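Here is a short briefing on one protein model. It starts at the surface and ends with the whole chain.

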Amino acid sequence: MLVMSMQNMGLIGMMTVQWPPNLQGLFSVCQFLLLDIDSFGFGCVAGQFEPIRYLLGAMIFPVGVAWLGLAYAVSRLLPKKQRWEGPKVCSTMGAFLQVGFSTMSATSLAPMMCYKHPNGERSLLKYPGVLCGSTEHTFMLVVGWTLLSVFVLGFMALCIFAVSQVPTWSARKRNRLVASVRFLIFRFRL
């Protein structure tokens, strides 16, 4: 909960508001927890082409989930004692997405935030080199909408469904399903 609270403070610090100097330092520390690869100097590795930098940043979460799924599939080839358990892998995926939820939301919405230049043109707030309405912007919008619909809203809908079903699953001794959503309910007593 502390990490998510600090992530929210980092998101607040990203607003285009003039903050007092003592708060700017706190917000910059909290922005580190947003897992924003641009804040780690990723532009040096990915280059300066903003749509590609955006795509690589947006792919962190799908690649993380796919990596866990692939590692689980590979573990099925190991002896039984060393195999990963499916419900624990699902819960780990959920915890990963839960911790990254604020970052996924901010990343998916970045191509939808434009500001107006004095000459009438509009650019993206986070990527000022991309003009709104350009082909680069359209590409970023497709990536953003996909991330938003599948990994933000889809994950949220899945969590709402799971939380509504956990009492039934628990009463019917569907322990594997309950264990799959442990990341949502481990703080609470069933």
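Phe49, Ile52 and Leu56 make a nonpolar surface patch of about 250 Å². Patch members have over 30% relative accessible area and no salt bridge; nonpolar side chains (Val, Leu, Ile, Met, Phe, Trp, Tyr) are joined within 5 Å, like charges within 9 Å. The model is predicted: local features need pLDDT of at least 70, side-chain atom pairs count only at pLDDT 80 or more, and totals for chains, interfaces and linings use all residues. Residues are numbered from 1 along each chain as its sequence is written, and side-chain values use heavy atoms, leaving out hydrogens and water.

**Nonpolar patch**
- Leu56 sits in helix H4 (residues 50-58).
- Leu56 is partly exposed, at 37% relative accessible area.
- Buried means under 20%, exposed over 50%, and partly exposed in between (1.4 Å probe, protein chains only).

**Positive patch**
- Arg76, Lys80, Arg83 and Arg176 form a positive surface patch.
- Lys and Arg count as positive, Asp and Glu as negative; His and the chain ends are not counted.
- Each charge is placed at NZ of Lys, CZ of Arg, CG of Asp or CD of Glu.
- A salt bridge puts a side-chain nitrogen of Lys or Arg within 4 Å of a carboxyl oxygen of Asp or Glu.
- Arg76 lies in the loop between helix H5 (60-75) and helix H6 (86-99).
- Arg76 is partly exposed, with a relative accessible area of 38%.

**Whole chain**
- The protein chain has 10 helices and two strands.
- Helices (H or I, at least four residues) and strands (E, at least two) are DSSP runs, numbered from the N terminus.
- Of its 190 residues, 34% count as buried.
- The protein chain exposes about 11800 Å², and carbon and sulfur atoms supply 68% of that area.
- Areas come from the Shrake-Rupley method with a 1.4 Å probe; for residues, only the protein chains shown count as cover.
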